[in-house]
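Please look at the chain below before reading on, and keep it in view while you work through the points.

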Amino acid sequence: MVIGDTGTGTVPGIRTDATDALHDRVIGPEHKALPPAAWGRSVREYLSSTPYLDELQTPVLTIDRAALDGNLAVMAGWVAAAGLRLAPHGKTTMAPQLWAEQLAAGAWGITLATGWQAQLARRFGVGRVLLANTLADPIGLRWAASELAHDPDFDLLCWADDVATVEAMDRQLAGAPAAVRLPVLVELGGPRGRTGARTVAAALDVAAAIERSAHLELAGVGGYEGPFARDRSPAGLAAVRGYLDELARLHRELAARYPRRAVVTAGGSAFPDLAAECLAGLADESGSAGVPTTVVLRSGAYLIHDDGFYAELSPLVAGRTERPLRSAMHGWARTLSRPEPELALLDAGKRDLPYDEGLPVPQRISGAGPVPAGAQVAKLNDQHTFLRLPEGGDVPLGSVVRLGLSHPCTAFDKWRLIPVIDSADADRPRVVDFLHTFF
């Protein structure tokens with residue numbers, strides 16, 4: 001199935017029949033928060049009963065449909081205005097239903113991080129995968145070669161950051177069909193960064209190794225600017241700009257050496273504005289000045305956004321843009337114990353909610369308004385949330401607290417079936433869908 005248009009051809013999409021078929025899966029005790037009354041019924045059948053959030057068990061993670069739709073539109077509009085393409089990082093959600101929505105909104109492809117994730121994407125018919133990592137696993141490399149030989153329309157790109165890695169990849173592909181060449185981007189990193197060649201000179205050596213290969217093809221440059229700043233201070237922004245300028249310089253050094261096309265890619269969800277500022281000018285999809293060049297942003301967290309890490313860093317939040325993103329995910333936890341006047345224990349913990357980029361933020365008591373001013377989560381155990389209350393503050397036993405969350409990547413991976421509600425702000429939120437995740 002073809003979804004969307006790049007301006008230079010069609011975008012390979014996703015098999016929506018495969019994503020639709022997920023609703024025929026049967027609910028069981030392996031699906032957290034779903035009531036026993038739902039077990040044995042398909043997701044489609046259960047949704048036909050018009051369930052409400054208060055009919056599910058706690059703790060539960062939910063996705064807000066209204067916020068999801070808004071975020072999808074905000075990012076699609078922003079990327080188009082910036083002159084970029086978007087290949088959202090699918091590992092954020094590992095939810096093919098959401099990948100389908102992103103592709104339908106005009107995404108250029110789907111970014112993934114491992115060979116297995118790419119294989120899953122192909123199972124759902126994703127036609128363009130940007131693997132933002134080195135594909136070093138022999139099984140994954142042989143699968144990639146087989147898939148490219150079987151379907152010449154499949155577009156798979158991966159990264160490499162070391163000459164020895166390129167040579168190892170070439171050896172593993174020795175048995176691949178002669179016509180198959182795996183497109184590889186040279187990955188640039190930097191001091192105290194993550195992966196990536198540490199200098200432009202080292203990156204050029206990697207490019208030369210790709211050119212010598214019998215089974216790889218030089219297809220662009222890529223990297224990740226996130227490690228170079230944890231805030232939007234002047235120093236942090238300067239560090240990110242400096243890295244992105246080096247990535248642009250690497251591309252210019254290689255501009256005459258790409259055999260067919262060039263993909264320049266950067267951009268997480270924290271500094272997409274800087275990626276646009278430093279890289280958008282490289283885009284030349286018509287090839288008017290040389291090889292056709294596509295500049296691709298890989299932001300993944302924008303669709304869900306959050307109430308913590310990205311709410312602080314993203315340029316697409318209230319106060320920085322007229323059309324802001326808003327958090328589409330919430331945790332809901334029930335008050336189990338009030339052992340001290342200024343302490344409430346809730347029934348959600350590390351097994352249920354993210355905590356690596358900030359603790360949950362108490363927002364409101366379901367059906368009773370905001371939580372007491374000054375209430376805050378002090379820590380999480382495996383199955384408990386420690387909610388500290390101000391003097392005189394009350395969160396009654398049995399009441400359900402809505403929690404704002406930080407970092408969608410480590411929220412989704414704790415759930416295999418996630419309820420989608422009409423609105424987290426509704427007096428009685430209704431369950432309108434379920435998202436299936438693959439972790």
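A residue is called buried if its relative accessible area is under 20%, exposed if it is over 50%, and partly exposed in between, with a 1.4 Å probe and protein chains only. Helices (H or I, at least four residues) and strands (E, at least two) are DSSP runs, numbered from the N terminus. This is a predicted model, in which local features need pLDDT of at least 70 and side-chain atom pairs count only at pLDDT 80 or more, while totals for chains, interfaces and linings use all residues. Residues are numbered from 1 along each chain as its sequence is written, and side-chain values use heavy atoms, with hydrogens and water left out.

- Strand β11 covers residues 293-297, and five of its five residues are buried, so the strand is largely enclosed by the rest of the structure.
- T293, V295 and L297 point one way from β11, whereas T294 and V296 point the other way, and all are buried.
- Two strands pair if DSSP finds at least two bridges between them, and strand β10 (residues 262-266) pairs with β11 in the parallel sense over five bridges.
- Within this region, V264 has V295 of β11 as its bridge partner.
- Strand β4 (residues 85-86) also pairs with β11 in the parallel sense, over two bridges, and L86 stands opposite L297 in β11.

- Strand β19 (residues 417-421) is mostly covered, since five of its five residues are buried.
- L417, P419 and I421 point one way from β19, I418 and V420 point the other way, and all are buried.
- Strand β3 (residues 60-64) pairs with β19 in the parallel sense over two bridges, and the bridge partner of I63 in β19 is V420.
- Strand β20 (residues 431-436) runs antiparallel to β19 and is joined to it by five bridges, with V431 in β20 as the bridge partner of I421.

**The second largest pocket**

- A pocket is found on a 1 Å grid over the protein atoms alone, as an open set of points where a 1.4 Å probe fits, with protein on both sides within 12 Å along at least five of seven lines, and its lining residues have an atom within 4 Å of a point.
- About 580 Å³ of space lies in the second largest pocket, where the volume is the space filled by probe spheres set on the points, and grid points are joined across faces, edges and corners.
- The second largest pocket is lined by 31 residues, of which K91, R194, Y224, G268 and Y310 are the closest to its centre.
- Helix α11 (309-313) and strand β6 (128-134) each supply at least two residues of this lining, and α11 gives the most, with three residues.
- The lining has 13 nonpolar, 11 polar and seven charged residues; here Ala, Val, Leu, Ile, Met, Phe, Trp, Tyr, Cys and Pro count as nonpolar, Asp, Glu, Lys and Arg as charged, and the others, Gly among them, as polar.

**Aromatic pairs**

- Rings of Phe, Tyr and Trp (its six-membered ring) pair if their centres lie within 6.5 Å, and planes under 30 degrees apart count as stacked, over 60 as edge-to-face and the rest as tilted.
- The structure holds five aromatic pairs, including the tilted pair of Y46 and F434, with 6.1 Å centre to centre and 40 degrees between the planes.
- Y46 lies in helix α2 (residues 43-47) and F434 in strand β20, so the pair ties together parts that are 388 residues apart in sequence.
- Y46 counts as buried at 4% relative accessibility, and F434 is buried with a relative accessible area of 0%.
- The rings of F228 and Y243 have their centres 4.7 Å apart and their planes at 20 degrees, so this pair is stacked.

- T58 and P59 are joined by a cis peptide bond, with omega about 0 degrees, and P59 is found in the loop between α2 and β3.
- M94 is not a glycine, although it has a positive phi of about 45 degrees, and at 1% relative accessibility M94 counts as buried.
- H305, in the loop between β11 and α11, has a positive phi near 55 degrees and is a residue other than glycine.
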